[in-house]
Amino acid sequence: MTQQISLPGSAMDDPGSEQLGLFLYQMQLLRRFEEKTGEMYTKGKIRGFLHLYTGQEACAVGALNALREQDQIVTHYRDHGHALARGVDANRIMAELFGRVDGLSGGRGGSMHLYDVSKGFLGGYAIVAAHLPLAVGLGLAARMQKEDRLALCIFGDGSVGEGEFHEALNLAALWDTPVIFFCENNLYGMGVRFAESLSTQIPKLAAAYNMPAVSINGMDVLEVYRETRKAVEHCSAGNGPYFIEAMTYRYRGHSMADPELYRLKDEIEQYRKRDAIEALKQHMMERGMLDQAGWEDVVRRVDKAVDDAVAFADASPEPGLDTLYGNLMAEPTDD
Amino acid sequence: MTELRMRDALREALREEMIRDSRIFLLGEDIGAYGGSYAVTKGLLEEFGEERVKDTPIAESGIVGVGIGAAMAGLRPMVELMTINFSFLALEQIVNSAAKLHYMSNGQIRVPLVIRMASGGGSPLAATHSHSLEGLYAHFPGLNVVCPSNAADAKGLLKRAFRDENTTIFIEHTAIYGVKGEVPDDPDFVVEFGKANILRAGSDVTIVGYSGSVHQALRAATLLEQDGIEAEVIDLRTLRPLDMGTVIASVKKTNRAVIVEDDWKFGGFGGELSAQIMEQAFDWLDAPVARVSGKDVPMPYNRNLEFAALPSEEDVVEAVLAMM
Ligand SMILES: Cc1ncc(C[n+]2csc(CCOP(=O)(O)OP(=O)(O)O)c2C)c(N)n1
Ligand SMILES: [Mg+2]
């Protein structure tokens, strides 16, 4: 049984069928892309740590689509889905995972460090909670530059034990910075159950720092979208930071290296029954926004996009060894 | 030229740069109402207001991270960390974000940030508050590491730091904040990075120092004069980028080198200098390179013990005489 997807709160926030179609396409893209990267990892095309996003698609698609063009994003190392949902080129993401010259940063960052500044995508950060203070700096800059821009800061439940989490929340609230803290609580930090690593609840922590804090269903793309829209409006109105905890679940191991000794297959099966893509599909079909042929078309287009990304990455050359020292120190600009 | 203490020269640099570039703002613990722990930012809150001179909570990692984020977004922040001893709490931000984002993003991101911190022993504040870690920061590719020894350099190098596109770790020795020197008034005066300064010419031995230790080197050179030994004294001014050319040219002339630093000898920056001299001027050396460094212990509080733990001009003289 798929879960009942929540109904939109107000007409203004209600995404039309076109937008729902986009959400569906993107969620399927994120799913297929990750299945493919897992495959490419076992083939040795992708190396290092690879953290798959499978299961959490509604978070990225709901949250990123609620942003505006001028907004900026920093996220953690489980970042492929966030980049894709922001509209970063799938080909260049895959090429980065392959470590190739056409990757987003020419193969220097790899899976955990994706950057596309042209899209306001300011990075995946592989040190847990390291990017939370950066988001406050981005927000502070927006305020000082008097620009209507916010920073979306995405991180896992594992961040809340770090000092930087607390420093960042305090500073964000103290200085009224436009930052949306978006915590994807997938119940585990590697193999440690969330309940075993925090003495309280996440929204209580955020509320203690004097900002609105909500816990939402992160398996429901409409709810994520709607709640993030509220957060955008809050920040944009100059009301300071906003905190969202999205309850979600990852279907695959922490990384490709994870033997998954800490959870039962049954738990995964339970969550798969609440699958976000299935839920949206059903929601749309019940309302006549999608039929079987339409769905098959989505699948076909996504498969092609993912196959194209692999072909693109495979065709891209390895970076030349002469590039090793390039872009270590930034040179002066003209201004 | 105006005669200024180093702390006043630093303040002049901040003032002039803040007037020149409206993107510059200051963040730090007690830099506003208190005027800075070493009075460097005194009066700047009154002059520039709360938006540009921000007192922060005691949260080193957080405020350095905020500085990095603001720099990424196009501003030119300066973060004052009170002292280098507290920078340990911000090390992760400095090393993993500030130093690496430009490289990892293949040039997409820039972090033009200045991080100032006071350093050194002699105060006497004992082991937790007496570090000299210039060499630690110099270890990391992607950073500028600046450590002036006098008022004019302090001003010129700090102004230069604000005109850089990268993160600069700007280290100020507490023992010389009050030392006066002639400082240029020209608002366009800057001291280039990676240019060592020959403070005293000599033909018999090269003494290399940076930050506070330059003063021990200079005093030792004066003492050596009485023994008829002409020492050349080089102030590195910046450890990253490092001007090895000036050091090597000097060693090829004097055939002897002594390195003076407050930091521990073991695994310290003096070891790097010594290795590079060996690699680049081995055939010119008449004696092994000598290092005069802090002793290999946490800094003791007692005055006599602390004095024994820090390098002195007598130690430098002794090292030079031993190699003649
Ligand atoms: C500071 C730091 N400590 C430890 C690690 C190793 N590590 C990587 S991911 C991870 C778990 C984080 O879990 P969570 O924040 O919940 O994110 P998720 O992987 O569940 O998306 C750990 C411990 C790290 N990268 N950084
Ligand atoms: Mg988690």
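This note goes through a predicted model, from its ligand site to its chain interface, salt bridges and backbone details.

1. **Ligand shell.** Start with ligand 1. It is surrounded by 16 residues. The closest are A:Tyr77, A:Arg78, A:Gly158, A:Asn186 and A:Tyr188. By class, the shell holds six nonpolar, seven polar and three charged residues.

2. **Polar contacts to the ligand.** Which backbone atoms approach the nitrogen atoms of ligand 1? A polar backbone atom of A:Ala126 is 2.9 Å from a nitrogen atom of the ligand. A backbone N or O atom of A:Val128 lies 3.1 Å from a ligand nitrogen. A:Asn186 works through its side chain instead: a polar atom there lies 2.8 Å from an oxygen atom of ligand 1. A:Asn186 is also listed among the closest residues of the shell.

3. **Ligand cover.** On its own, ligand 1 has 580 Å² of accessible area. The protein covers 74% of that.

4. **Interface size.** The size of an interface is often given as the accessible area lost when the parts come together. Here chain A and chain B bury about 3400 Å² between them. Carbon and sulfur atoms account for 62% of that area. In chain A, the residues that lose the most area to chain B are A:Met144, A:Trp175 and A:Ala330. Together these three make up 16% of what that side buries. The contact takes 40 residues from chain A and 42 from chain B.

5. How many salt bridges cross between chain A and chain B? The rule finds one. B:Glu51 pairs with A:Arg143, and their closest N and O atoms are 3.0 Å apart.

6. **Chain A's face.** Helix H5 of chain A gives the largest share, nine residues. By class, this side of chain A has 22 nonpolar, 10 polar and eight charged residues.

7. **Salt bridges overall.** Side chains of opposite charge can pair when their charged atoms come close. Over all chains, the structure holds 41 salt bridges. One of them joins A:Asp307 and A:Lys36, at 3.8 Å from N to O. Why does this pair tie together parts 271 residues apart in sequence? A:Asp307 lies in helix H11 (residues 292-315) of chain A and A:Lys36 in helix H1 (residues 17-42) of chain A, so the bridge links those two parts.

8. **Cis peptide bonds in chain B.** Check two proline sites. The bond from B:Ser123 to B:Pro124 is cis, with omega near -15°. B:Pro124 sits in the loop between strand E5 (114-119) and helix H6 (134-138) of chain B. A cis bond also joins B:Arg240 and B:Pro241, with omega about 0°. B:Pro241 falls in the loop between strand E12 (238-240) and helix H9 (244-254) of chain B.

9. **A positive phi in chain A.** A:Met190 has phi near 50°, a positive value in a residue other than glycine. Where does A:Met190 lie? It is in the loop between strand E5 (188-189) and strand E6 (192-193) of chain A.

How values were computed. Residues numbered from 1 in each chain as written. Chains lettered and ligands numbered in written order. Predicted model: local features only at pLDDT ≥ 70, side-chain atom pairs only at ≥ 80, totals over all residues. Heavy atoms only, no water. Near = heavy atom within 4 Å. Polar contact = N/O pair within 3.5 Å; in protein donor to acceptor, adjacent residues only side chain to side chain. Areas by Shrake-Rupley, 256 points an atom, 1.4 Å probe, with all protein chains shown as cover. Nonpolar A, V, L, I, M, F, W, Y, C, P; charged D, E, K, R; others polar. Contact = heavy atoms within 4.5 Å. Buried area = accessible area lost by both parts, 1.4 Å probe. Salt bridge = Lys/Arg side-chain N within 4 Å of Asp/Glu carboxyl O. Helix = DSSP H or I, 4+ residues; strand = E, 2+ residues; numbered from the N terminus.
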